[in-house]
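Student: I have a structure to read and would like to learn how. Can you take me through it feature by feature?

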Amino acid sequence: MVGTRARAAIIRSQQITGLSPDVIAELVAEIGPLWHERHQAVLASRARRRAVGAGAKHKLVFVDRLLAALVHLRHGVTHDVLACWFGVDRSTITRAIGEVRPLLAARGCTIAPDTRLRTLAEVIDHLGASGQTGIIDGTEIRVRRPAAGRKDRDKFISGKNKQNAVKSMVVTDAEGRLLFCSPAEPASCADITHARQLGLVKLLADGPFVEVLADAGYQGLGAQTGGRVITPSHRKFKKNAPDWYEEMHERQRKAHSSRRIRVEHGIAHLKNWRALARHHGRREHMTDTIQAVAGLLSHQQTATMPSDPQS
């Protein structure tokens with residue numbers, strides 16, 4: 001395990017963990033008791049020869065487990081390297097990350113110190129109550145190619161990038177703050193199909209009035225939601241378009257793009273975490289990885305916001 005001075009140096013360096021020391025302290029206080037509770041429940045759930053708590057103690061305390069998970073998500077460091085760094089076996093690091101990552105994913109996206117959004121329905125309610133505009137877009141994360149002979153092997157091939165990937169729908173507000181990242185789906189799923197599967201159409205049609213900006217991949221949702229999803233206008237002239245139409249269409253396209261660009265900035269911040277730039281682990285863990293990074297990034301954004309909106 002790392003020494004006290006080395007641990008303090010890791011926590012102080014935001015370049016290593018991606019988070020400020022204050023945010024890490026909040027994570028320890030919040031997630032630590034949950035991890036200990038789950039660990040004790042596992043120990044008590046099986047037949048034992050000795051009392052709970054007897055035997056060898058953990059070489060990797062919870063703080064080190066959290067730091068290992070953060071470094072892995074932020075930089076994509078392999079478990080072997082982390083095992084050498086923390087002075088434990090590789091299996092210990094693998095188990096630690098596997099235990100911490102779901103706890104991070106379950107936190108949701110932080111929009112205020114005491115407010116978090118965990119579902120798409122909560123996001124729509126938040127946007128409606130605050131009168132804000134939402135922005136949606138899909139992002140793809142490259143993953144390992146499924147084994148030969150697997151029946152659903154082609155499902156992960158992206159029609160856009162021609163690579164094996166998974167897809168997630170990202171929702172931000174007009175300022176680009178992350179509000180929601182959906183569970184991962186194979187990249188062959190179209191953006192509009194993914195949005196429908198998540199229930200976006202029903203939530204917008206039956207919920208509060210919310211304006212949602214989207215790109216051309218979501219054209220068709222506007223008619224299904226009463227105009228609440230705004231996409232770029234259709235191009236009426238595919239060939240030999242008049243000059244006046246070209247000018248008008250380009251002006252409309254740029255005006256829409258300038259408002260929607262904030263979601264691209266939010267996705268770019270997500271991809272700064274190497275685990276989402278390209279994922280080398282198991283595809284089954286992608287949903288937890290995406291939602292864990294989104295929650296951590298939104299928490300950091302909230303922590304760095306000024307307390308006085310007018311300051």
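This is a predicted model: local features need pLDDT of at least 70, side-chain atom pairs count only at pLDDT 80 or more; totals for chains, interfaces and linings use all residues.

Tutor: Residues are numbered from 1 along each chain as its sequence is written, and side-chain values use heavy atoms, with hydrogens and water left out.

Student: How many helices and strands does the protein have?

Tutor: Helices (H or I, at least four residues) and strands (E, at least two) are DSSP runs, numbered from the N terminus. Here there are 13 helices and 8 strands. The C-alpha trace spans about 80 × 60 × 35 Å along its principal axes.

Student: What share of the residues is buried?

Tutor: Buried means under 20% relative accessible area, exposed over 50%, and partly exposed in between (1.4 Å probe, protein chains only). Of the 311 residues, 43% are buried.

Student: Is Thr 172 buried or exposed?

Tutor: Thr 172 is buried because its relative accessible area is 0%. Thr 172 sits in strand S4 (residues 165-173). Contact means heavy atoms within 4.5 Å. Leaving aside neighbours within four places in sequence, the contacts of Thr 172 include Thr 133, Arg 177 and Arg 262.

Student: What is the volume of the largest pocket?

Tutor: Definitions come before the number. On a 1 Å grid over the protein atoms alone, a cavity is a set of points where a 1.4 Å probe fits but cannot get out; a pocket is an open set with protein on both sides within 12 Å along at least five of seven lines; lining residues have an atom within 4 Å of a point. Grid points are joined across faces, edges and corners, and a volume is the space filled by probe spheres set on the points. The largest pocket has a volume of about 450 Å³. Of its 21 lining residues, His 72, His 79, His 279, His 280 and Gly 281 are the closest to the centre. Helix H6 (90-105) gives the most to this lining, with 5 residues.

Student: How do the residues of that lining divide by class?

Tutor: Ala, Val, Leu, Ile, Met, Phe, Trp, Tyr, Cys and Pro count as nonpolar, Asp, Glu, Lys and Arg as charged, and the others, Gly among them, as polar. The pocket lining has 4 nonpolar, 11 polar and 6 charged residues.

Student: What lines the largest cavity?

Tutor: There is 1 cavity of 30 Å³ or more. The largest cavity holds about 40 Å³ of space. Its lining has 8 nonpolar, no polar and no charged residues. Those residues are Leu 120, Ile 124, Leu 127, Ile 136, Met 169, Val 171, Leu 200 and Val 212. Helix H7 (120-130) gives the most, with 3 residues.

Student: Where is the kink in H11 centred?

Tutor: The bend at a residue is the angle between axes fitted to the seven residues ending there and the seven starting there. H11 has a kink of about 40°, centred on Arg 259.

Student: What is the phi of Lys 162?

Tutor: Most residues other than glycine have a negative phi. Lys 162 has a positive value, near 55°. Lys 162 lies in the loop between strand S3 (134-142) and S4. Lys 162 is exposed, at 63% relative accessible area.
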